Amino acid sequence: MSRRLPLHAIAHARAGDKGDTSNVCLFVYDHRHHPALLRAVAPERLRAAFPKLLRGPIRLYELPHLHGVNLVMESALEGGVNASLNLDGHGKSWSFLLLSLEAELEENEPAPAS
Amino acid sequence: MSAKLVIGCGAGFAADRLDAAVELVERFALDWLVLECLGERTLAFAHRDRRADPAKGYNPLLERRMRALLPICPRRGTRLLSNMGAANPRAAGEATVRVARELGLAGLRVAVLLGDEVSGVLDPDTPLWEGGRLADRPGLVGANAYLGVEQLLPALATGAEVILTGRVADPSLFVAPMVARFGWALDDWAKLAAATVVGHLLECGMQVSGGYFADPGKKEVPELARCGFPFAEVGADGTAVIGKTPGSGGRVDRRTVAEQLFYEVHDPTAYLTPDVTADFSAVRIEEVGPDRVRVSGARGRPRPPTLKVTVGFDGGFLAEAGVSYAGPNAAARARLARSVLQERMRAVHGFSGPLRIDLVGLRSLHATALCEPPESEDVRLHAALRAGDRATAELLLWEVEALLTSGPAGGGGYRGTIVPQVTTASASLPRERVTPRVEVLEA
């Protein structure tokens, strides 16, 4: 049986901005959760989760040796710091927006340590 | 001379801490201390400062930083390199000389790198990366090319204790001292890429040594209030160990380094600087001791043919105003205030531009992405708009403040601010169009 849990339980993340493009890199604490991370942040899943925010192409770069991914999301910052009216015009908090997504662990994937 | 170059970062942005920079210099033997203090918008604001007063336009904290660092850096054998020159590197150099004289540091030399300001050489037809031509956008405040190692080296060769620049690619501030020490060729792409990884890791200061990282219960950072700035011990092959001020708070481990390695990076195989196309995709991160992480494995390809230019424009005004509601039914009262404000701005004042009204405590930063939860007993209405004219900006503040007596029950804590804005765009410039030059000033 698979188990659902917040991505925050198995991964950490950092967000950066350039213009209206946001990048969020995510890494799992336990390398055995890397496949679950890849499933949780698949671009089509992100677009479906946040359709009003993520309005452009999304590219996912795998970083297998670091057990992480780098996501590059265009037209994802409400215009970016030049135009956005969001209090967080840089999208610094997009890291934790993505960590609020649900991850699903398969039967053979261990529960997180803490 | 040691086989390794030790280079520290004592500022990762314009307003970064100073006490921790002093601690790093005092507690660790650095060859170089780099202060990276210049964002794209910071530079555009600096151009406006310079326009208002030709003696300004450099980092407003420069004098304070120099008063704290000049008495210790030369004594410790540490050279200081910073982009605090911003829109006016020569004035920054003159200010530094004044501070040195006040401190009795006669003979201290300050090298100033000029030539990054290119608004005079840009063709009006220059295409902007964001679309359109330069001439299509009104309100130009300044244009600066990102200089790199090639332009920095002559400034380093002066031997001056302090080197001040305007726009230089952030990693290049760290790469140049490595090239100067190890004598790498400017087409040794592997070494330049390795050095660029180090520069990229250090350029945001504490973001690699425990800042921007702590998540209580998940990612603990010891003594965050006393977080130390980072340094790198770089070998002649460009591989490096990242550490932080001995005895400081913070953390350097594989996780802090991994997060920072991809901060503001898009394609990990093509990180572009004026010096090299760096490939971060196979970088290895190994913990080799407490708060010591070794980085290696960068690959490099030839540098881009052109230099990136950032162009700054006047951006009108950002108006923000807020009022808070707390206790029973707070969310409903805040929502009523929101609808009153929307109606007043649109129907009464005819404002038709984007007006954002967040309800902080219900949903704000993630309000576009996620729906609004129904309840909270402590909600702040936060309204924002951009306007080309100050009168429209003032209108928002007036309307939000008027909610105190004319809006829902129990509103309090009004605050409002109007902040002049700049916007930026990017363009490309052939390398031969910049004419860098170095001036040396002496205290």
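Two residues are in contact if their C-beta atoms, placed from the backbone, lie within 7 Å. The model is predicted: local features need pLDDT of at least 70 and side-chain atom pairs count only at pLDDT 80 or more, while totals for chains, interfaces and linings use all residues. Residues are numbered from 1 along each chain as its sequence is written, and chains are lettered from A and ligands numbered from 1 in the order in which they are written.

**View 1. The side of chain B that touches chain A.** Contacts link 31 residues of chain B with 26 residues of chain A. At least two residues of this side of chain B come from each of α8 (254–261), β15 (355–360), β16 (378–387) and β17 (412–430). Helices (H or I, at least four residues) and strands (E, at least two) are DSSP runs, numbered from the N terminus. β16(B) gives the largest share, four residues. By type, this side of chain B has twelve nonpolar, eight polar and eleven charged residues. Here Ala, Val, Leu, Ile, Met, Phe, Trp, Tyr, Cys and Pro count as nonpolar, Asp, Glu, Lys and Arg as charged, and the others, Gly among them, as polar.

**View 2. Strand β16(B) and its partners.** Strands pair if DSSP finds at least two bridges between them. β14 (residues 306–326) of chain B runs antiparallel to β16(B) and is joined to it by ten bridges; B:Ala319 stands opposite B:Leu385 of β16(B). β15(B) is also antiparallel to β16(B), with six bridges, and B:Val360 has B:Arg380 in β16(B) as its bridge partner. Eight of the ten residues of β16(B) are buried, so the strand is largely enclosed by the rest of the structure. A residue is buried if 20 or more other C-beta atoms lie within 10 Å of its own.

**View 3. The largest nonpolar core.** A nonpolar core is a set of buried Ala, Val, Leu, Ile, Met, Phe, Trp, Tyr and Cys residues joined through C-beta atoms within 7 Å. The largest has 148 residues, and those with the most contacts inside it include A:Leu26, B:Ile7 and B:Val257. Helix α7 (residues 189–202) of chain B supplies the largest share of this core, nine residues. Leaving out residues up to four places away in sequence, B:Val257 touches residues including B:Leu201, B:Ile242 and B:Val295. Another core, of 24 residues, lies apart from it and includes A:Leu85 and B:Leu381.

**View 4. Helix α7(B).** 13 of the 14 residues of α7(B) are buried, so this helix is largely enclosed by the rest of the structure.

Methods: Buried ≥ 20, exposed ≤ 12 C-beta atoms within 10 Å, placed from the backbone.
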